[in-house]
Amino acid sequence: MRQALRKMFQKPVGIGGVFVIKTGKAKLHIMPDYSETPLKSTDDVNSWLKFFDMPSPLSCLSVFVSSDPGLNLRVEHTHCFSDHGVGGHYHEDTTAECVEYEGYFNIAGTLFRIDQPSAVCDFGKD
């Protein structure tokens, strides 16, 4: 949805809402204890994170902006939870042949950036 909005609008469009993964599975990560070594690249981060293939149903809270207007934003972020003890940060579904989503979203009226990061990292960008 974010990429479709980016193609349609020159100005950033912010969206927030909830979706449910009703059937199928999704790749989610959880963060272990803080890393003892600096994470300097996307590969470092992905090696440190713990990824899991989580079963539905999953309730997910999501925000995204179609493009970063120069505020060093994370352009999308989604966390999922369930009543069967699984959850984490959403990456993608892993069962495209049978996944089913149901979502409810709304458009943001104002975009605020509170506190720039102390050190800008370019990895993981758009």
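The structure holds one disulfide, taken here as a pair of cysteine sulfur atoms within 2.5 Å. This is a predicted model, in which local features need pLDDT of at least 70 and side-chain atom pairs count only at pLDDT 80 or more, while totals for chains, interfaces and linings use all residues. Residues are numbered from 1 along each chain as its sequence is written, and side-chain values use heavy atoms, with hydrogens and water left out.

The disulfide joins Cys60 and Cys80, whose sulfur atoms are 2.3 Å apart. Because the torsion about their S-S bond is about 105°, the disulfide is right-handed. Cys60 belongs to strand β4 and Cys80 to strand β5 (residues 76-81), so the pair ties together parts that are 20 residues apart in sequence. Helices (H or I, at least four residues) and strands (E, at least two) are DSSP runs, numbered from the N terminus. Cys60 and Cys80 are both buried; buried stands for under 20% relative accessible area, exposed for over 50%, and partly exposed for values in between (1.4 Å probe, protein chains only). Cys98, in contrast, is in no disulfide, and the nearest cysteine sulfur, that of Cys60, is 15 Å away. With a relative accessibility of 39%, Cys98 counts as partly exposed.

The loop between β4 and β5 holds Ser67 as well as Asn72. Ser67 is buried, at 17% relative accessible area. Contact means heavy atoms within 4.5 Å, and, leaving aside neighbours within four places in sequence, Ser67 is in contact with Arg6, Pro12 and Val75. Asn72 is also buried, with a relative accessible area of 18%, and its phi is near 55°, a positive value in a residue other than glycine. A further backbone feature is the cis peptide bond between Ser56 and Pro57, with omega about 0°; Pro57 lies in the loop between β3 (50-55) and β4. As background to both features, most residues other than glycine have a negative phi, and most peptide bonds are trans.

Trp48 is placed in helix α2 (residues 42-48) and is buried, its relative accessible area being 16%. Not counting residues up to four places away in sequence, Trp48 touches Met31, Pro32, Asp33, Tyr34, Ser35 and Leu39. For Ala108 and Asp33, 75 residues apart along the chain, the C-alpha separation is 34 Å. Ala108 sits in the segment after β7 and counts as partly exposed, at 44% relative accessibility.

The second largest pocket has a volume of about 310 Å³. Of the 17 residues that line this pocket, Gly14, Ile15, Phe64, Val65 and Leu111 are the closest to its centre. The elements giving two or more residues to the lining are β1 (14-23), β4 (58-65) and β7 (100-107). By class, the lining has 10 nonpolar, six polar and one charged residues; Ala, Val, Leu, Ile, Met, Phe, Trp, Tyr, Cys and Pro count as nonpolar, Asp, Glu, Lys and Arg as charged, and the others, Gly among them, as polar. A pocket is an open set of points on a 1 Å grid over the protein atoms alone, where a 1.4 Å probe fits, with protein on both sides within 12 Å along at least five of seven lines; lining residues have an atom within 4 Å of a point. Grid points are joined across faces, edges and corners, and the volume is the space filled by probe spheres set on the points.
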